[in-house]
Amino acid sequence: MFNTLLKFLSLLFFSIIATTAYPAEPDNLDSPDNLNKKEKAEDTNTINVSVPVYFKETDKTFGDVIEDLLVIIGEHNFRLNQHAHIGRAIAERNKSPYFSADVLHFCNLSYAKELLDIAPDYLLRMPCRISIRQQKNKNTRIEVWLLPEDDKRTIEFAKKINTILKKIVNYGAS
Amino acid sequence: MRVKLFIIFLLSLSLSPALAETKKRPVPTESIESQNSVWNDMLKDFYFEDKTIIESDEIFDFAVPYRAEDGAMVPIKITPKIPQTKERYIKKIWIIIDKNPKPLAGTFKFSPLNGKADLAMRIRVDAYSPVRIVAETSDDKLYMVSHYVKSSGGCSAPASSDAATALKRLGKIRLKTPKISSFFEEPVQTRLAISHPNTSGLQKDQVTTLFIPPHYISKIEVKFEGESIFSAETDISISENPNFKFYFVPKKAGTLVTEITDTKGNTFTQSRKLEASTN
């Protein structure tokens, strides 16, 4: 009897250790109820999501805009993950001029964790990215994807990050 | 025997929440003494000899992320707590990163013309290290504040822009000031952006894998109507495309002249008129 009780308590003990030793994965927050404002399309594997875009246009040169964006991204403690020279790559491959078009990917792991802890489905929106392209009128257009501010799970976080993203775009254009 | 086992089991059970708690918290890897050992054993005497340094944030403080995402671009912002008056002002600032190959990132000189000695830039941090700022006031007192920064590889990280682009833009100076409607006694924020790869000598060419020779800005001088409003001597720990934010008081219209010198002896200059905007 005592042996059985000891075995049971040992099992209970190891279960407690196993569950507390490692951080638990976030609960499945991606339930249909949580997919706020996301509409399911006819194809059940597709979710239509609206993505707000913030943009600015400037008469600064393309190079100045890129350099300023790299500075301000660093000042906000983000790390540049990738600098994709898409326009230049197309021009080089086709051996003909093409408009300047770059995409900057940048991330801050502390912010990433904060968001993933509350909404794991936002992983697809990571890292942050900004596109910079030269327009026909020679102006440079900067665009950034913002986080939706109507998702009840992430309203506070979205407001905080969107403020930073807008500051980055504004500095690039100023 | 069984009773003993049962007692051990109960003790373990009571300790399990504590165990779980330690797993969640970051475990400090270095003691305070160990963190400051480079400073205490070498740097303090090397840079300041036997001068007394007051460890206090009564004159200034600075912000730097505890965990910097990119060691090659760690933002740092110094905020003084005293205005720059003729009676008392900050006249020099040292930025030191203890565990960088060359710890002194730069020295920066200020005067009452700055109005306030705020300073911001991005620096390279090569290993987990204290970053310390030493400020000398006009009464020859030295004050120091340090913050520990977790980051690494900043001095050897590859440049964010390719060599061809960097060479094309080499030495381009941009001085940004806000639109001034009238000249007055208030300090205005000024941003000095210099296009320069500022290579540290520890970065490798991604194709040849050979070290890229050091080539960085060593001297900066900004004058307004002939008077120095910002001057600095800098080293490899300043990030590529150096960008400084500082203040000065434009009491009248005039010309801002910037002169930059790098370690290859190149000199880059730019002058810009500062006038009150009518719109």
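Two residues are in contact if their C-beta atoms, placed from the backbone, lie within 7 Å.

## About the model

Welcome to a predicted model, in which local features need pLDDT of at least 70, side-chain atom pairs count only at pLDDT 80 or more, and totals for chains, interfaces and linings use all residues. Residues are numbered from 1 along each chain as its sequence is written, while chains are lettered from A and ligands numbered from 1 in the order in which they are written.

The pLDDT, the predictor's confidence in each residue on a scale from 0 to 100, averages 83 for chain A, with 75% of the residues at 70 or above. Residues 18–28 of chain A fall below 50, and this stretch has six contacts in the model beyond near neighbours in sequence.

## A residue in helix 5 of chain A

Let us start with A:Ile168, which belongs to helix 5 of chain A; helices (H or I, at least four residues) and strands (E, at least two) are DSSP runs, numbered from the N terminus. Leaving aside residues up to four places away in sequence, A:Ile168 touches A:Leu69, A:Ile72, A:Ile73, A:His76 and A:Ile130. A:Ile168 and A:Leu69 lie 99 residues apart in sequence, yet their C-alpha atoms are 6.6 Å apart in space.

Is A:Ile168 buried or exposed? A:Ile168 counts as buried because it has 25 C-beta neighbours inside 10 Å. The cut-offs are 20 or more other C-beta atoms within 10 Å for buried, 12 or fewer for exposed, and partly exposed in between, with C-beta atoms placed from the backbone.

Helix 2 (residues 62–75) and helix 5 (residues 155–173) of chain A pack at an angle of about 145°, and their axes are 8 Å apart. Axes are lines fitted to C-alpha atoms, for helices over the stretch in contact, and angles run from 0 to 180 degrees between N-to-C directions.

On the helix 2 side, A:Val65, A:Asp68, A:Leu69, A:Ile72 and A:Ile73 meet A:Ile168, A:Tyr171 and A:Gly172 of helix 5 in chain A.

## The sheet of chain B

Chain B has four helices and 15 strands, and 33% of its 279 residues count as buried. Nine strands of chain B form an open sheet with mixed pairing, in the order 1-8-7-4-5-12-11-14-15; two strands pair if DSSP finds at least two bridges between them. Strand 1 (53–55) and strand 15 (267–274) of chain B each have a single partner strand, so one side of each is left without a neighbour in the sheet.

Strand 1 of chain B pairs with strand 8 (residues 142–149) of chain B in the parallel sense over three bridges. There, B:Ile54 has B:Tyr143 in strand 8 as its bridge partner.
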